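Hi everyone, and thanks for coming. I'd like to walk you through a structure that may be new to you, so please have a look at it with me.

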Amino acid sequence: MTGSPTPQRFPVATTGQTWRALAALTRGRRGRGVLAIILLLGGSGSALFVPRLLGVGVDQVATGRPWTDLAGTAGLLFGVGVATAALGYLGGTVLVRVIQDVIADLREDVVAVVLDQPVSRAEAAGSSDVVSRVTRDVEAVTEAADGVLPAVVGAAFTILLSVAGIAVIDPRLALAAGLAVPFQWYGTRRFVRASRAVYTALRVAEAERGQAIIETVAGAETVRAHGVERERLAQVHERGLVAIDLGVTAARLRTRFFGWLNLAEFVGLTGIIVVGFQLVDHRVVTVGAATAAALYFHRLFAPIGELLTSLDDLQRAGVGLARLVGVAGLRPNTPSPVDPAGIEAPCPPPPHTERARTAPRHGEAFGAEPDGTVRLRDVQFSYGPGRRAVDGVGLQIADGELVALVGASGSGKSTLARLISGELIPDGGEVLVGGARAVDRRRSPIVALVTQEVHVFEASVADNLRLGAPDASEAQLWAALRAVHADFVSDLPDGLDTLLGAHGLDLDAGTAQHLALARVVLMDPRVVVLDEATAEGGGADPELLTRAMAAATAGRTGVVVAHRLSQARSADRVVVLRDGALAETGSHEELMAMRGEYARLWAAWSSARPGCPRARHPDDRAAGPRARPRVPG
Amino acid sequence: MRSSDSVAAPAAEARAVRSAPSAPEPVVAPMRRALTGSGRGPRLALATLAAIGHEAGEAGVPILIGVIVDRAIVTGDPGQLLLWVGVLAVDFLILSFTYRWSARMMVTIYGHAENDLRNVTLQRVLHPRGLRTRRSVGDLLSVTTSDTYRVAGVSWSVVQQAATATAIVVAALALLRISPGLGLAVLGGTAVVLLAMHAVSRPLEARGLAEQRAAGRASAVAADLVAGLRVLHGIRGQEAAARRYRVASADARSGAVRAALAMLRYTGASSLLAAGFLALLTLGAGSLALRGRITIGELVTVVGLAQYLQGALGHVGTFAANWMHKRASARRLLEVLGDHHAVPGPEAASEAQDRPVAGDEPTAVGRAGAPALRLDWPDEGIDVEVGPGELVGLVPAGPAHARRLADRLALRVPGGPGEIRVSGEDALDLGPRAYRGRVLAVPHDARLFSGTLAENLFGAPLATPAVIAATALEDVLVHAGGWDGPVGEAGRRLSGGQRQRLALARSLASDAQVIVLDEPVSAVDPATELRIATGLREHPAAVLVITGSPLLLSGCHRVVHANRGSGSPEVDR
């Protein structure tokens, strides 16, 4: 293994790409979109009659018209209100569906793409980058689409049409109102420029604070055991203070921005009042008309504030959108970092197959059924510049053979397991399973890999199992569970429907491994690669787990990274790795006879096994205080 | 004789054994703490005053527009125009600066209130004596983050509602001054509109929450699937997983649409009400103006104020539900803060803060010649002593049994007198804090924290070559890029075995007299495990390792079997 790799984040789309992607997503929904906009424009437009009608009312009073005229105006006011409400409601219902459909499509694309990325690619991007795209970015965009976008659209319509409304009364009044614009423009520009960095820093600080809290709560027992409560609390507290400071800075920028908006409101309102004063004085417009203009403008305070303060939300959503589109752009069929020439298979699969199997979900090298032969030819792999993790390994595993990989940490056995499963692509040499190269195998159900990551999905037992075999019947699920000795499920109150995970039944690592093995049995691959990391006592009955693993590998080619030596003992062949290369290979008996590394390990292991003769440790020191044998009872 | 099951029994039994009560210390109500804790009270009062000033200024704008129409535009008097535009300028200055002060003060008050609540909750979670009620990490997290956030928001509610009240009062005074009848009508009408809006908003709240939950579920499904990416790829479950997300996403979509439709209905209904209100008001005020009872400018003011009131009262319908959520959060917070302790002990509530740093602990306490650790557990058939430099293996009946033994040894569950002695002193007399200063009993799933390798040693001097060798840490150092290399969130950049070895190195690097380990190398390969077994044997502290692993046991000086009452003599090795 090499030094820490620099994270290769997933791409972020450019503005152009983002717009194109949005255009593509709205395709087929534009008719409804246009309808929504027309309805909403109608709603905002009809609302504009309100100040005008109020002005008319003022004039009717000023000129002493009969009461019935005033009643007519009031009736019109109500009618306009009804139209505004109705059009706004109808337009909203259409718009909401369009927006939510687009967003749902986008987030589903993104998650599907992320899930289909090669694990090494997703890991290179860093789990936080990946998770934040499918959670935080999706939420930011959804929220903006849900609340901010309709509000901004409504505010923008109101502003545009109000200015038009004022201009209809008298263009000079509109010009006076326009005095506000330079102040709004300047204040907004200043705010957007200065706030971007602060809000970004604030979100980072909040994320760091959140991470400190999560780790502290999840690791509370560790914290208590080591007595570092004070340090952890101090860390959370300090990160909280950093977030508060940034929040205060952001508030300072925001309130200053609002100060500019207030100034703009004052300037615009005063402009209308002064111009209105002149125009009324010269009898160009009536008092009612000037009043209407002032009321128009006063009505605009709220939508302008809403529009300009939403800029930040929209900006954030825009960033999130670019990150989502960037991921969605990695189409599901992006080739892995190796040329797709691997389609041709150098080793033709043998014609015979014994078991009837369902057609593979993804195209395999040949139409014929591949067998479970595994061939490694001079395989080279390194995680980055530096030492090779696997260096020139050649190995042939026959169909149905069970091979155990033994070696110390960093000897390359897990890397070799990942190469065989197709999760990693060799830098040099060739790894062929049933004749197919890794590039073709990544989605092929010919190989299953059970890794050290023990992850129980937050779903029912049945849904956890069906991930590898979506069409499995309940009977098949039970059969698989029985095969791997996962009898605990039948004791659960809800059986297969029992919810697992953080909000349900929290399985220990060993029990989770039984589930993982049941998934393999259900998936029924030709080759099983087991790199599970549960040694004795890690949470499962080792005896039971060994039997479960035997069941999962029965009738298949098996490659097992041995974490327990009993696994090596029961394998057909043991391969000992050292520094990424083969050190010893042969059956248990052969390796014992070689008296090499394997034999040494075995001796130490068997010496301490219950029921085996115990040897005194060679360098046992003078004994410390001894305990008295206790008399039972 | 106590059965082994009783180790997990609630503290009631412990109270019978020990006189030290495990009742909770009195707790300040979370809401009060958020509002007035750390001298926030006066500042909150100032911020509220400023918010009231702001709202009064906002209400002043339509009033002043009316005055300007009356005194300047209708009369055509430029002097009056100048005067009242000047007053308008002052009004804008007031409303702008009071907002600035109020908002800035509020951000600080709210931020510190949230920080405070979070710290108090975390202190309780980390309290040496533990929480009696077992809660999942997810529950505790939601209390420490969401509930504190919501309760801290009470200061915003106070200010917002004070501002709303101001809007109503100022508008009412202005209207009553113009025409008492009209004023009463406007206020009565406003009250009717508010009540109606509140009634309409109630189902809205429920829908909003349902939508949030659906959206949250979709997010959780996505995060869960990504967290299990390796597992998914291992069984080629990418497509099935994507389908599963699509279902959750469709739920979130229909939830969002339903909530938005409810919101639209609410908005529609309230704007209908508002339109009717405005029409009636125009008719009423216009009639009064026609009869010369009020001036044209006053008519403008009335209409302007009605318009302003609708905006200012926009959120009033949600106030009640808002308080309900905050009260529910405060209750959950109080349940954690006021929970009983899991184990008895002499410590006070502020324990977590007052804990002395490592090294302050007296090291040479206890009876001279007493063993570093002595266990006397008749129910397990165990009576064993561990001396300095000794490595003793304790073989459990199974994994669950191992966890129970580890819980007892870490004082995470109440125990009986004389069961555990450290240098001759009863663990119960020492109490969890002092006990843990001498006995480092790390849980099986010892956690790493984001930061560097060095930071994960918790301030212990960098591990000595002996510790590195004992834990076979070389490849971890290479992988992370040295002691200053990052381990990632919860150590995720390391493999399971690497994480375990770093956690082990952290334990060995500590200065505890006694180290208790629970299956510390369950994810480590046999070759490395054998090396670690030898390394542990050489370690100078007294080490008790709970393990069923033959390789690890092969390194032990002595091995005892915990057979749950069947009493088996220990085996010398």
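Predicted model: local features only at pLDDT ≥ 70, side-chain atom pairs only at ≥ 80, totals over all residues.

Let's begin with chain A as a whole. Chain A holds 21 helices and nine strands. Of its 633 residues, 49% are buried. If we take the contacts in chain A with a separation of 6 or more, 76% of them are between residues 24 or more positions apart.

Now find helix α3 of chain A, residues 49-62. From its first C-alpha to its last, this helix of 14 residues reaches 19 Å, close to the 20 Å expected at 1.5 Å a residue. Is α3(A) enclosed or open? Twelve of its 14 residues are buried, so α3(A) is largely enclosed by the rest of the structure. Among the buried ones you'll find Val50(A), Pro51(A), Arg52(A) and Asp59(A). Following the helix comes Gly64(A), with a positive phi near 65 degrees.

Next, the place where the chains meet.

Let's move on to a sheet in chain B. This is an open sheet of four strands, in the order β2-β1-β4-β5, and the pairing is antiparallel. Which strands sit at the edges? They are β2 (382-386) and β5 (425-426) of chain B, each pairing on one side only. As a bit of background, strands of a sheet pair through backbone hydrogen bonds, either parallel or antiparallel. Look at β1, residues 373-377, and β4, residues 420-422, in chain B: they run antiparallel, joined by three bridges. Here Leu375(B) stands opposite Ile420(B) of β4(B). Packed on the sheet is helix α14 of chain B, residues 427-438, which touches β4 and β5 of that chain. The direction of α14 makes about 60 degrees with that of β4(B).

Now for some backbone angles. Most residues other than glycine have a negative phi. Keep that in mind as we visit Ser38(B), which is not a glycine and yet has a positive phi of about 50 degrees. You'll see Ser38(B) in the loop between α2 (30-36) and α3 (40-73) of chain B. Ser38(B) counts as exposed because it has 12 C-beta neighbours inside 10 Å, and 12 or fewer is the cut-off for that class.

Glu519(B) also has a positive phi, near 40 degrees. Its place is the loop between β7 (514-518) and α18 (526-538) of chain B. Is Glu519(B) buried or exposed? Glu519(B) is buried, because 26 other C-beta atoms lie within 10 Å.

One last stop: Leu176(B), in helix α6 of chain B, residues 154-178. With 15 C-beta neighbours inside 10 Å, Leu176(B) is counted as partly exposed. Ten residues along the chain from Leu176(B) is Val186(B), and their C-alpha atoms are 9.3 Å apart.

Conventions:
Residues numbered from 1 in each chain as written. Chains lettered and ligands numbered in written order. Helix = DSSP H or I, 4+ residues; strand = E, 2+ residues; numbered from the N terminus. Buried ≥ 20, exposed ≤ 12 C-beta atoms within 10 Å, placed from the backbone. Pairing = 2+ DSSP bridges. Contact = placed C-beta atoms within 7 Å. Axes fitted to C-alpha atoms, helices over the stretch in contact; angles between N-to-C directions. Expected span 1.5 Å × (residues − 1).
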